[in-house]
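Here is a walk through one protein model and its metal sites. Have a look at the sequence and the 3D view, then read on.

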Amino acid sequence: MPKVTLKNGKSFEVPSGQSVAQALAAGGITVGPDLLAATVNGQSTDLSAPLTVDATIEPLRFDSAEGREVYRHTSTHIMAQAVKELFPTAQLTIGPALEDSFYYDFAYDRPFTPEDLGKIEERAREIAKRKLTITRREYTKQDAIKFFKDRGEHYKVELIEGFPDGEPISAYTQGEFVDLCRGPHLPSTGHVGALKLLTTAGAYWRGDERNPMLQRIYGTSFPTKAELDAHLARLEEIKRRDHRKVGKELDLISIQDEIGPGLVLWHPKGAAIRLLIENFWREQHIKGGYELVYSPHVARLDLWKTSGHVDYYRENMFPAMKLEGSEYQLKPMNCPYHIMIYKSHLRSYRDLPVRYGELGTVYRYERTGVLHGLLRVRGFTQDDAHLFCRPDQIETEVSRVLDFTFFILGTFGFTEFEVFLSTRPKESVGADEHWTLATSALEAAIKSRNIAYHLDLGGGAFYGPKIDIKIKDALGRSWQCSTVQVDFNNPERFELSYIGEDGKAHQPIMIHRALMGSIERFFGILIEHYGGAFPTWLAPVQAVVMAITDNQSEFVANVVAEMKAAGFRVEADLRNEKIGLKIREAEKAKTPFMFVVGDREVQSGSLSVRGRSGTNLGTMTVAGALDLLRAEANKAGQQLSPTS
Ligand SMILES: [Zn+2]
Ligand SMILES: [Zn+2]
């Protein structure tokens, strides 16, 4: 009799061959519609699976990632059944669950139309209502091949032929529908509450462009209509905020094929924001004890040999170029340049720490398939810095970097963070004592800030431990931005040294750090965080002053001149257009303030003020409007200061 152990500690025996569901019920767990599957000895399993060996069982519901996977995976089978019922000549291929959705690839002679999608969705919902029991059956390889061949499922046959001989092959049946699958699945189609098909796309069989094009359908499912609706609303919001869309609408950036994939053009309005980000970054770094440096975009290949990039990073680099008999390399990183600046002087222990910062543009080779707007590009500017310090300075330096990071990111409106500490991997360089010292220094720096962090044991770089920081945006999505990495390798490779108190040469510890990660990526995140409605201090145009008729042109021009002189980014709209259109356009451009001027305003020397969300802020004097701009622009981080 197999012994069953539950998570609550209960342990008991069940007759061999009893199902997982029966065992859970015997343990006092209600087997209701919310129970989706279970993990048996860590393995996700059908509730109907028979128990034959001792097992630790944990029920799976929709609140766990594994539970959701079974749910979405079963949903894709339901969709596939609907497709087969409506389009019997479509052939099944594969249908996995994704993080919060699912897809299925069908071999069919034409793409599915939106009308098809509507019909398939309706049929899928109906199949769920049929509450078909889902059963698993095992076949020998030969029988499985014959079974699916007879059903005309040639892709399934190809898959089975690739499986190892002698191992049983499972298929799942719901009503008339049978699919080759490893499982597990929900007990019945009726367990899927609310289902929605999202889009279609072409996809090559096995992801290989030499293979036939398949028709992919994406969908998602949730236990209730309310949860589904909330999810769909969030997807809409994500789409609405997509930085590629907003970047185009607000004329901030473009990526053009004539320039090259992954290479970004910053248009005047995007560049205006970048300038603000960069100016703020530079100012704060100088205040924070950094020295700013510049380095060229290319260097001799030999430099990248010394740094190890040629041996370990070549596939991420642009190809080298020949010039006057030597080879040159477009830079994938800034580190070697900063190292060479450090090396250009003899250093004493009293000179340390040395902190070099640079908004350094680097180029990396990424396959075109993985490029994504501003988030993944081939040319980008890192907000990079390298600290050279003594071992006893690591903790203070890392501590300062953490404060600085939270300050900089907080200024841009990010206040929720996830912190990860990654420790020594198996393959690594550097002395044990240095690893221990640096790792505990990083940990101490995090702990003293009372922040929760995740420990990634063995997840560090081969050259040193690191801290990664993810920020949470307005939609609750996490983005990796900041990184602080200790490096024992480069100081060795470049033979860096300083003269210690003992008069002898010692090797400094190097720390690489980027706070925003890259300006491009950070800007992409920023656009989505604000949906393009940047706070006043970052808005490329902070206000538009608009005349109702030509009569007010002179007054408007004077107001704009006065506001510009006060340091604000203000434009005049003197076009011969209706005021309603001018307001709509300024709102669409997400300009924080609109100052409307008619005859009445000219007479009283005032402005009629509107916010970008359509709010009427009443009438103000020009001085009052300037105060408003000043107050709003000051809501940025310039008002804050680093805690250190
Ligand atoms: Zn399946
Ligand atoms: Zn570096």
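A quick word on burial: a residue counts as buried under 20% relative accessible area, as exposed over 50%, and as partly exposed in between, using a 1.4 Å probe and protein chains only.

Some housekeeping. This is a predicted model, where local features need pLDDT of at least 70 and side-chain atom pairs count only at pLDDT 80 or more, while totals for chains, interfaces and linings use all residues. Residues are numbered from 1 along each chain as its sequence is written, chains are lettered from A and ligands numbered from 1 in the order in which they are written, and side-chain values use heavy atoms, with hydrogens and water left out.

**The chain as a whole**

The protein chain has 19 helices and 32 strands; helices (H or I, at least four residues) and strands (E, at least two) are DSSP runs, numbered from the N terminus. Its C-alpha trace spans about 80 × 80 × 60 Å along the principal axes. Of the 644 residues in the protein chain, 51% are buried. A contact here means heavy atoms within 4.5 Å. Taking contacts between residues at least 6 apart in sequence, 67% join residues at least 24 apart.

Donors are N, O and S atoms within 2.8 Å of the metal (3.2 Å for Na, K and Ca); water is not among the atoms, so sites may look incomplete. Here are the two sites side by side.

| Ion | Donors | Distances |
|---|---|---|
| zinc ion (ligand 1) | H73 (NE2), H77 (NE2), C181 (SG), H185 (NE2) | 1.9 to 2.1 Å |
| zinc ion (ligand 2) | C335 (SG), H386 (NE2), H512 (ND1) | 2.0 to 2.4 Å |

Why is the arrangement around the zinc ion (ligand 1) called tetrahedral? Because its four donor atoms subtend angles of 96 to 127°. Four donors count as tetrahedral if all angles lie between 85 and 135 degrees. For reference, the ideal angle for four tetrahedral donors is 109.5 degrees. The donor residues of this ion follow the spacing H-x3-H-x103-C-x3-H. H73 and H77 sit four residues apart in helix α2 (residues 65-86), about one turn of the helix, and both are buried.

C335 lies in helix α11 (residues 335-343) and H386 in strand β20 (residues 379-389), so the pair ties together parts that are 51 residues apart in sequence. C335 is buried, with a relative accessible area of 5%.

**A buried glutamate**

E153 sits in the loop between α4 (141-150) and α5 (154-161). Is E153 buried or exposed? E153 is buried, at a relative accessible area of 3%. A polar atom of its side chain lies 2.7 Å from the backbone nitrogen of L92. Neighbours within four places in sequence aside, E153 is in contact with K84, A90, Q91, L92 and F148.

Two strands pair if DSSP finds at least two bridges between them. One open sheet of five strands runs in the order β29-β28-β30-β31-β32, with mixed pairing. β29 (570-573) and β32 (616-621) stand at the edges with a single partner strand each, so one side of each has no neighbour in the sheet. Neighbouring strands are turned by 25° against each other on average, direction ignored.

Strand β30 (residues 593-597) is mostly covered, with five of its five residues buried. F593, F595 and V597 point one way, while M594 and V596 point the other. β30 pairs with β28 (residues 543-547) in the parallel sense over five bridges, and V545 stands opposite F595. With β31 (residues 606-611), β30 runs antiparallel, joined by four bridges; M594 stands opposite R610 there, and F595 opposite V609.

Axes are lines fitted to C-alpha atoms, for helices over the stretch in contact, and angles run from 0 to 180 degrees between N-to-C directions. Helix α16 (residues 553-565) lies across β28, β29, β30 and β31 at about 165° to β28. Helix α17 (residues 579-588) lies across β28, β29, β30 and β31 too, running at about 170° to β28.

Note on methods: Tetrahedral: all angles 85-135°; square planar, octahedral: opposite > 155°, others 65-115°. Polar contact = N/O pair within 3.5 Å; in protein donor to acceptor, adjacent residues only side chain to side chain.
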